[in-house]
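Hi there,

I am passing a structure on to you, with a few notes on what turned up in it. Please have a look at it first and then read on.

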Amino acid sequence: MAASSGPEIERLIALLAKLPGMGPRSARRATLALLKRREQLLTPLAQALADAAERVKTCSTCGALDTRDPCAVCADPERDAGMICVVEEVGALWAMERGGSFRGRYHVMGGLLSALDGVGPDALRVGSLIARAEAPEVTEVILALPATVDGQTTAHYLAERLAPCGVTITMIARGVPVGGELDWLDDGTIAQALRARRPA
């Protein structure tokens, strides 16, 4: 860092560099943009961050982030209470909502099982998922976890734990994406698509 920049600028760069997808160079560029446009960017961003820190909370039902508890999805009477879609983190929930095709409820695990990282079942929201699945209105639990080793390990563990609940346990389909070209796909994706084929 140049000697002409003060500790406030260095602290802002250091904090921004901790964000996902931001390294030191990107953090410097973002800091410069914020400081050049204080009235349009920096001041409103500081206020938005303060508001979020004060008002955003974790939903006690599903684990999503919202300004109310229960969150908007859990409180929506139009949602199908019989379907619970299990996701790794809140970002996956937001992605599902962007698609607009799922009208059930969610359960955010808060991570994945990982022996290498020392993440066991006690570190995740497994108990609350089992309790929700035992409710009489719940008929299906959809496991929408990543197609990674940790994601699949978590899915298999949850399927075993959910089996006694008497609900249908499904996993989201994997394979050829909409608009995808076969020659651009990896071997694993093509193999999965073939295993998951259905009648035309």
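Let me start with helix α2, where A27, T31 and L34 are buried (buried means under 20% relative accessible area, exposed over 50% and partly exposed in between, with a 1.4 Å probe and protein chains only). Seen down the axis of α2, these buried residues fall within an arc of 65°, so they line one face of the helix; the arc is that of the directions from the helix axis to the C-beta atoms. The face turned away from the buried side carries the exposed residues R25, R29 and K36.

A word on the source: this is a predicted model, in which local features need pLDDT of at least 70 and side-chain atom pairs count only at pLDDT 80 or more, while totals for chains, interfaces and linings use all residues. Residues are numbered from 1 along each chain as its sequence is written, and side-chain values use heavy atoms, with hydrogens and water left out.

Helices (H or I, at least four residues) and strands (E, at least two) are DSSP runs, numbered from the N terminus.

Next, the charged pairs: the structure holds 2 salt bridges (a side-chain nitrogen of Lys or Arg within 4 Å of a carboxyl oxygen of Asp or Glu). In one, R103 meets D76 at 3.6 Å, N to O. That pair links distant parts of the chain, 27 residues apart. In the other, the closest N and O atoms of E97 and R79 are 2.5 Å apart. E97 lies in helix α5 and R79 in the loop between α4 and β3, so this pair ties together parts 18 residues apart in sequence. R79 counts as buried, at 6% relative accessibility, whereas E97 is partly exposed at 28%.

Best wishes
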